Amino acid sequence: MRKLNIKDIILDGLTYLFSSVSILILITIFIFIFQRGFSSLNLGLFTSPYWSQNYYGTIPESNRIFESDVNFDKNEFYSEKYGIALKDDFNARNEVIVVISYIHPDSPFNQLINASSGINEGKLIVAEEGMIVNKISYITSNGITRSAGPVLKQNAEETIKTINQSIQLDSAFIQTQGGGIMGSLIATLMLIFISLAISLPIGIMTAIYLNEYAKYGRFTPWIRSSIELLTGVPSIVFGLMGVLVLFPITAIFGANGTSIFLGGLTLSIILLPTIIRTTEESLKVVPDSFREASHSLGANHSQTIFKIIIPAALPGILTATILSIGRIIGESAALIYTMGTYISDKPELLKGATSLAVQIWSIMNGDQPNFGLASAISIIILVIVLGMNIGVKVLTRSKVKQW
Amino acid sequence: MNNLSNEYKKLNIFKTYQDLFFKSLFFVSAVISSLMIIIIILFIAQKGISPFLSNYQYGQQNIASFLTGMVWRQDQAIYGVAFIIINTLISGFASLLVAFPISVLTALFVVKIAPKPIGNLIESAIEILASIPSVVYGVFAVGFIVPFIQNLANLLRIQTAGGSSLLAVILLLSIMILPTITSISITAIKAVDIDLEKASYALGASKTQTNFKIVLNSAKSGIFAGAILGLGRAFGEATAVSMVAGNKMFGPTFNLFDITRTMTSTMLAGLKETTGLDYDIRFSVGLVLMGVILISNLAINFVKNRIGKNHA
């Protein structure tokens with residue numbers, strides 16, 4: 001038995017210590033992000049816009065009782081006099097707000113007239129359930145106009161009580177709940193669609209050329225290494241490239257600045273190396289006997305490729321797609337240059353918008369960093385990325401089983 | 001019979017043309033994919049150099065004062081990139097210094113020492129770390145690393161700008177390049193010839209001696225490739241770094257607790273208009289960044305070859 005060497009023990013100890021670091025970091029990141037973001041995470045986040053819309057409207061007179069057969073929760077308070085129910089809630093920043101939980105179909109709140117000056121003055125405001133009530137002005141029995149609502153630190157119950165004692169309502173200041181990610185979600189989906197639609201065909205065709213046509217060609221090593229070089233280019237440099245090289249292409253379609261289209265085009269170039277490499281790996285494992293069998297049955301090269309090789313390589317192509325989607329969701333630096341940082345609630349193809357990742361950057365760099373919302377979006381991204389990792393693992397395993 | 005053979009000929013011709021068509025289509029895609037890198041370099045070089053040419057529309061800039069300047073002030077249109085290059089090199093190499101030993105030893109542990117389930121667990125953890133987007137690392141850095149450094153500085157009675165500092169950048173980058181270097185090192189160590197190890201054991205070396213002297217040395221080339229990629233990522237990382245760097249206007253920054261400014265954080269800072277000198281100069285910084293990455297790659301390759309000579 002050899003005597004244990006002190007130096008060996010120290011080196012082994014170091015190895016054990018250092019290899020626990022990565023797990024420690026991973027656990028810390030997950031606990032931290034979930035702890036900070038979980039309270040801001042709710043379903044409303046996905047469907048509500050980021051910017052809140054303010055409405056100031058006059059309330060028409062009403063002289064009837066709005067009976068309602070709706071069963072209200074304990075925390076909802078209904079005013080039969082005006083046909084509106086309010087409840088207390090929290091917004092994305094965890095502040096207490098008063099929210100409309102029900103409006104009677106004939107309620108005067110359904111006929112608010114916009115009173116703020118501008119093009120919408122005099123038009124009908126559609127008050128909806130879920131909107132935030134800031135202030136309701138009412139007229140007392142001796143003709144004085146007073147206000148009720150959160151402006152005076154009243155909660156839902158107090159607000160309803162106060163307006164029930166009034167003779168008539170005068171005006172209301174309501175706003176939609178902001179702080180959502182709907183716009184970024186749509187923009188991200190558009191990005192995924194555009195960039196995959198461009199990148200997948202070019203990437204797959206390149207991989208096929210490299211593996212099926214020019215495996216031992218004179219220029220193949222050059223083509224391969226120049227594609228490999230793309231992986232080393234920082235994503236911010238891709239952003240610069242997008243502005244310089246790809247912007248003229250989007251300008252043909254009518255874009256006059258940063259746009260989702262430009263972001264998608266830029267991403268499609270970023271994705272190319274991943275798609276080419278992954279597809280090529282899957283083409284390599286298709287057995288040569290498949291190709292020989294197809295040729296001996298009289299098929300030409302293109303028939304072999306489209307009917308035999310691509311179907312056999314499909315799991316690999318799917319892996320490439322999943323990896324690409326993960327990259328699109330996480331990409332930020334290139335998109336800041338090509339799509340801008342203004343969070344848009346109604347993303348359009350030829351206008352600027354933010355993806356989920358850029359929305360995080362945007363709200364962390366704003367005047368009031370909203371850490372809760374940033375962490376909540378981070379959780380969403382982490383969950384998606386994690387799910388895709390598992391998906392790729394499952395796919396790779398099934399691919400190995402095939403032959 | 002004649003008719004049938006004619007049909008056959010036609011089909012054959014069709015198949016030949018079909019092959020030709022698809023071959024050219026695939027070839028064109030391959031050419032497009034491989035040309036992208038050249039297009040990127042050419043266009044950014046052209047735009048990056050343009051502010052220093054005499055016909056530049058917003059007033060010609062002095063290239064010497066750009067490359068040697070130690071002050072960067074957007075508000076006064078003073079653009080000196082020298083200290084930013086030094087800052088970027090400091091933060092990049094410092095994070096490599098932190099991450100490299102951890103990554104290599106983790107890789108060694110996963111492949112050679114750990115029982116299989118634990119090795120797989122760590123490998124999965126590395127894969128997940130690699131797939132976390134940089135903006136999420138940024139949120140983590142702002143919420144966790146920065147307050148940690150603030151507390152540390154308070155403890156040591158050192159002043160910081162709320163924790164945003166060179167140290168924060170280094171720690172953040174170390175975490176971000178850790179998975180890159182580790183996963184490539186794992187591949188390299190897995191590829192080491194088992195006969196070499198057997199020979200080492202036969203000569204009476206212990207397992208630890210074999211691991212450190214034989215395995216790591218044989219996997220050296222792959223491990224250094226990982227270091228190069230890691231360093232490239234550290235230099236090019238933009239969003240997360242710009243969230244904790246603090247953007248100092250002069251430098252270079254050597255104090256760990258002082259704020260700093262890297263090339264990428266400069267390119268992202270105060271990005272508002274998309275015309276004018278302030279916008280165009282970012283392309284010059286991008287060009288310098290690509291040059292720095294290229295030169296540091298060559299430097300690491302040089303180091304690798306030197307180490308090879310010593311041990312051969």
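A salt bridge, as the term is used here, is a side-chain nitrogen of Lys or Arg within 4 Å of a carboxyl oxygen of Asp or Glu. By that rule, E212(A), D288(A) and R291(A) are linked in a network of salt bridges.

Good morning, colleagues. The model before you is predicted: local features need pLDDT of at least 70, side-chain atom pairs count only at pLDDT 80 or more, and totals for chains, interfaces and linings use all residues. Residues are numbered from 1 along each chain as its sequence is written, chains are lettered from A and ligands numbered from 1 in the order in which they are written, and side-chain values use heavy atoms, with hydrogens and water left out.

Let me continue with the salt bridges. Over all chains, the structure holds 16 of them. One joins the side chains of D106(A) and R64(A), at 3.3 Å from N to O. This pair links distant parts of the chain, 42 residues apart: D106(A) is in the loop between β4 and β5 (112-114) of chain A, and R64(A) is in the loop between β1 (54-58) and β2 of chain A. Helices (H or I, at least four residues) and strands (E, at least two) are DSSP runs, numbered from the N terminus. D106(A) is partly exposed, with a relative accessible area of 40%, and for R64(A) the value is 40%, also partly exposed. For these words, buried means under 20% relative accessible area, exposed means over 50%, and partly exposed is in between (1.4 Å probe, protein chains only).

In chain B, K112(B) forms a salt bridge with E197(B), and their closest N and O atoms are 2.8 Å apart.

I turn now to the interface. How many residues of chain B are in contact with chain A? There are 70, and they meet 74 residues of chain A, contact meaning heavy atoms within 4.5 Å. The two chains bury about 6500 Å² between them, 78% of it on carbon and sulfur atoms. Buried area is the accessible area (1.4 Å probe) that two parts lose on being put together, summed over both. F26(B), I37(B) and V139(B) supply 10% of the area that chain B buries against chain A, more than any other three residues.

Between the chains the count is 1 salt bridge, formed by E127(B) and K393(A), whose closest N and O atoms are 3.2 Å apart. Helix α1 (residues 2-49) of chain B gives the largest share of the side of chain B that touches chain A, namely 19 residues.

On the chain A side, consider F32(A), which is found in helix α1 (residues 6-37) of chain A. Because its relative accessibility is 5%, F32(A) counts as buried. Not counting residues up to four places away in sequence, F32(A) touches F371(A), V139(B), F140(B), G143(B) and F144(B). The C-alpha atoms of F32(A) and S375(A) are separated by 8.9 Å, although the two are 343 residues apart along the chain.

Next, the strands of chain A. Strand β2 (residues 76-79) and strand β3 (residues 84-90) of chain A pair in the antiparallel sense over 4 bridges; two strands pair if DSSP finds at least two bridges between them. K87(A) in β3(A) is the bridge partner of E76(A). Their hairpin has 4 residues between the strands, and G83(A) takes a positive phi near 70 degrees. β3(A) also runs antiparallel to strand β4 (residues 96-103) of chain A, joined by 7 bridges, and there A85(A) has Y102(A) as its bridge partner.

Finally, some backbone details. K153(A) has a positive phi of about 60 degrees although it is not a glycine, and K153(A) is exposed, with a relative accessible area of 77%. N247(B), also not a glycine, has a positive phi of about 55 degrees. In the loop between α10 (239-244) and α11 (263-268) of chain B lies P252(B), and a cis peptide bond joins G251(B) to P252(B), with omega about 0 degrees.
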